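Hi,

Here is the structure I promised to pass on. Have a look at it first, and my notes on what turned up follow below.

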Amino acid sequence: MSVAILSRTSVEILAGLERLDLDAGITYLDNETPGRVTQVPLYTEYYRFLCAAGSALSGRQRVTWPRRPKCHCAC
Amino acid sequence: MFAGGLVSVSAGRARGEHVVGLITPRRDPQTPVLAALLDAAERLGRGAD
């Protein structure tokens, strides 16, 4: 038996399972079709906001989307 | 760039954003290897969150 670990999008994982190209996948379960796959939850993903210590939002317990500063990265 | 260090602040929804898990084709019976993988995933998932 050999094992290959591949990186695929959630759409590609579902398609691969349906074509029987893949045996299993680890992906988001939010939008999966329960009838065609067996699902086992592993963990819940939480978002974290990283900022410089001492910055305007660093002392908060939680930040929400409207209060996040705009991204200044080059995208 | 961050001489004073970084701070991680909770963001988004308190109950989490997405559930991540193992998915396999629904088969009956399941292959032995996938049955073992599903069993391991169930044990791992019970210990998380």
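Let me start inside chain A, where A:E18 and A:R36 form a salt bridge, with their closest N and O atoms 2.2 Å apart. The two partners are 18 residues apart and tie together distant parts of the chain: A:E18 sits in helix α1 of chain A, while A:R36 is in the loop between β1 and β2 (37–45) of chain A. Over all chains, the count of salt bridges comes to three. Do keep in mind that this is a predicted model.

Now for the place where the chains meet. How many salt bridges are there between chain B and chain A? The count is zero. What the interface does have is polar contacts: 18 residue pairs, both partners at pLDDT 80 or more. On the side of chain B that touches chain A, the elements giving two or more residues are β1 (6–11), β2 (18–25) and α1 of chain B. That side of chain B divides into 18 nonpolar, ten polar and seven charged residues.

As for the extent of the interface, the contact takes 41 residues from chain A and 35 from chain B. The size of an interface is often given as the accessible area lost when the parts come together. Here the area buried between the two chains, B and A, is about 3600 Å², and carbon and sulfur atoms give 56% of that.

The largest pocket has a volume of about 730 Å³. Its lining is made of 25 residues, and the closest to the centre are A:V3, A:A4, A:D23, A:A24 and B:L37. Which elements supply at least two residues each to this lining? They are β1 (25–28) of chain A and α1 (32–46) of chain B. The helix α1 of chain B gives the most, with six residues. By type, the lining splits into 17 nonpolar, four polar and four charged residues.

Finally, two spots in the backbone to look at. Most residues other than glycine have a negative phi, and most peptide bonds are trans. A:L20 is not a glycine, yet it has a positive phi of about 65°; you will find A:L20 in the loop between α1 (10–18) and β1 of chain A. In chain B, a cis peptide bond joins B:D28 and B:P29, with omega about 0°. B:P29 is located in the loop between β2 and α1 of chain B.

Cheers

Terms used: Residues numbered from 1 in each chain as written. Chains lettered and ligands numbered in written order. Predicted model: local features only at pLDDT ≥ 70, side-chain atom pairs only at ≥ 80, totals over all residues. Heavy atoms only, no water. 1 Å grid on protein atoms, 1.4 Å probe; cavity = no way out; pocket = protein on both sides within 12 Å on 5 of 7 lines; lining within 4 Å. Points joined across faces, edges and corners; volume = space filled by probe spheres on them. Helix = DSSP H or I, 4+ residues; strand = E, 2+ residues; numbered from the N terminus. Nonpolar A, V, L, I, M, F, W, Y, C, P; charged D, E, K, R; others polar. Contact = heavy atoms within 4.5 Å. Buried area = accessible area lost by both parts, 1.4 Å probe. Salt bridge = Lys/Arg side-chain N within 4 Å of Asp/Glu carboxyl O. Polar contact = N/O pair within 3.5 Å; in protein donor to acceptor, adjacent residues only side chain to side chain.
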